[in-house]
Amino acid sequence: MSDLETRIARIEAKDEIRELTARYCHAVVDGDAETIVSLFAADGSFRTHTFAPQGHAELLEFYGNGVGGKTHKPFVQNHVIEFEDEDHASGRCSVEIRLLQDGRPFTQAGHYHDRYVHTDGRWKFAERNYMRYHNVPWGEGWSK
Amino acid sequence: MSDLETRIARIEAKDEIRELTARYCHAVVDGDAETIVSLFAADGSFRTHTFAPQGHAELLEFYGNGVGGKTHKPFVQNHVIEFEDEDHASGRCSVEIRLLQDGRPFTQAGHYHDRYVHTDGRWKFAERNYMRYHNVPWGEGWSK
Amino acid sequence: MSDLETRIARIEAKDEIRELTARYCHAVVDGDAETIVSLFAADGSFRTHTFAPQGHAELLEFYGNGVGGKTHKPFVQNHVIEFEDEDHASGRCSVEIRLLQDGRPFTQAGHYHDRYVHTDGRWKFAERNYMRYHNVPWGEGWSK
């Protein structure tokens with residue numbers, strides 16, 4: 001590739017990765033576990049303080065249980081992406097989530113440390129590591 | 001155009017479309033109905049569950065009534081854009097809105113299904129279709 | 001530079017400037033005053049309705065006092081950037097901030113009018129001017 005083409009490819013990759021995190025949010029809102037899982041690499045993982053499903057089968061079970069009720073509305077912001085090589089990148093993005101928990105409105109905030117991999121012609125999540133700041137009843141707010 | 005130029009033009013178009021949705025938010029905050037309307041194509045439309053103004057005259061009446069009090073602060077995120085051809089695209093983006101309703105603070109969330117058209121040398125809204133999740137008193141939160 | 005290279009450089013600059021505002025948010029969350037200050041030009045300034053530190057020494061004092069408690073979680077959106085020349089740009093972006101004030105959860109919203117300068121091979125803040133809409137206890141919300 002020419003130098004210009006390399007630079008364009010890098011910009012296109014960042015654009016696709018940002019949309020990857022947006023598509024994830026939309027699929028959560030839509031309660032569409034299969035689409036969420038398709039955004040992960042075959043051995044991709046999602047790690048929280050309590051869960052760590054890895055691979056499409058575990059991810060499908062995890063998200064199938066998690067998003068079917070369409071209780072979560074995530075909003076992603078503040079995205080910074082850095083490349084390791086042409087096919088691997090890492091990123092950090094912030095998230096606010098409106099959700100219902102046992103029928104009550106909650107608000108959650110945190111950020112993702114992601115790793116992205118270019119595979120099968122698409123950028124996908126290799127890892128999502130979720131660092132949660134708080135998950136609290138909407139009206140009460142957080143205390144730390 | 002060369003292949004590289006076509007790719008650059010596509011990236012520039014996505015950048016302009018993302019800024020289009022940001023400019024919309026800023027104009028709402030500023031209470032500037034004329035600027036909002038200028039972001040729509042001549043026959044552009046805005047559809048909600050209750051309203052559907054179409055064309056600059058109806059849009060100006062709608063936004064003139066709606067934003068003059070500077071009651072709304074919209075925040076757009078999670079933008080995904082797909083092109084139909086060089087001059088037409090569609091997109092989905094999420095929105096959170098802080099607003100005052102009869103002097104009380106409300107929070108609203110939802111997403112837009114947009115259609116964009118390149119006309120008069122600029123990308124503009126051909127359609128904004130607003131899917132609202134909830135519009136509730138801030139302190140109480142939502143229940144579905 | 002060729003015309004194509006000029007266009008690519010402009011896109012890269014906008015990308016870097018958007019990440020600049022995201023890096024700022026991440027550094028605030030991390031309580032990392034030195035990183036925040038490094039995002040400003042040597043004579044850069046941050047202006048609010050009450051403060052106006054200018055230059056790295058004043059900024060370091062301001063942010064050192066402000067972010068050490070890791071009380072603030074800012075979320076930036078709606079970014080529009082316009083160039084004055086190859087090394088100077090201005091922008092407007094919206095922000096929502098979750099914060100603790102005397103141990104109580106507050107919510108704040110507003111927008112930044114920024115000026116950016118390309119210096120030492122990086123885009124940095126020349127000025128951040130913060131226009132605050134409100135800063136209120138989370139559960140109560142705002143009244144204007």
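Modeller: The area buried between chain A and chain B is about 2400 Å² in this predicted model, and carbon and sulfur atoms give 56% of that.

Biologist: What makes that area "buried"?

Modeller: Buried area is the accessible area (1.4 Å probe) that two parts lose on being put together, summed over both. So the value of about 2400 Å² is a total for chain A and chain B. On chain A's part, His26(A), Arg98(A) and Trp138(A) supply 27% of what that chain buries against chain B, more than any other three residues.

Biologist: How many residues does the contact take from chain A and from chain B?

Modeller: 28 from chain A and 29 from chain B, where contact means heavy atoms within 4.5 Å.

Biologist: Why is the pair Arg7(B) and Glu5(A) called a salt bridge?

Modeller: The rule wants a side-chain nitrogen of Lys or Arg within 4 Å of a carboxyl oxygen of Asp or Glu. Arg7(B) and Glu5(A) sit at 3.3 Å, N to O, so the pair qualifies. Across the interface of chain A and chain B, the rule finds nine salt bridges.

Biologist: Which elements give two or more residues to the side of chain A that touches chain B?

Modeller: Helix H1 (3–30), strand E2 (72–85), strand E3 (88–101) and strand E4 (104–119) of chain A. Those are DSSP runs, numbered from the N terminus: helices are H or I with at least four residues, strands are E with at least two. H1(A) gives the most, with 14 residues.

Biologist: How do you know that chain B and chain C are related by a three-fold axis?

Modeller: A rotation of 120° with 0.0 Å of shift along its axis superposes chain B on chain C, RMSD 0.0 Å. The two copies are thus related as by a three-fold rotation axis. In chain B, the C-alpha nearest the axis belongs to Gly139(B), 3.0 Å away.

Biologist: What pLDDT does chain A average?

Modeller: 96, with 99% of the residues scoring at least 70; pLDDT is the predictor's confidence in each residue, from 0 to 100. For the complex, the predictor gives an ipTM of 0.96 and a pTM of 0.97.

Terms used. Residues numbered from 1 in each chain as written. Chains lettered and ligands numbered in written order. Predicted model: local features only at pLDDT ≥ 70, side-chain atom pairs only at ≥ 80, totals over all residues. Heavy atoms only, no water. Least-squares fit on C-alpha atoms with pLDDT ≥ 70 in both.
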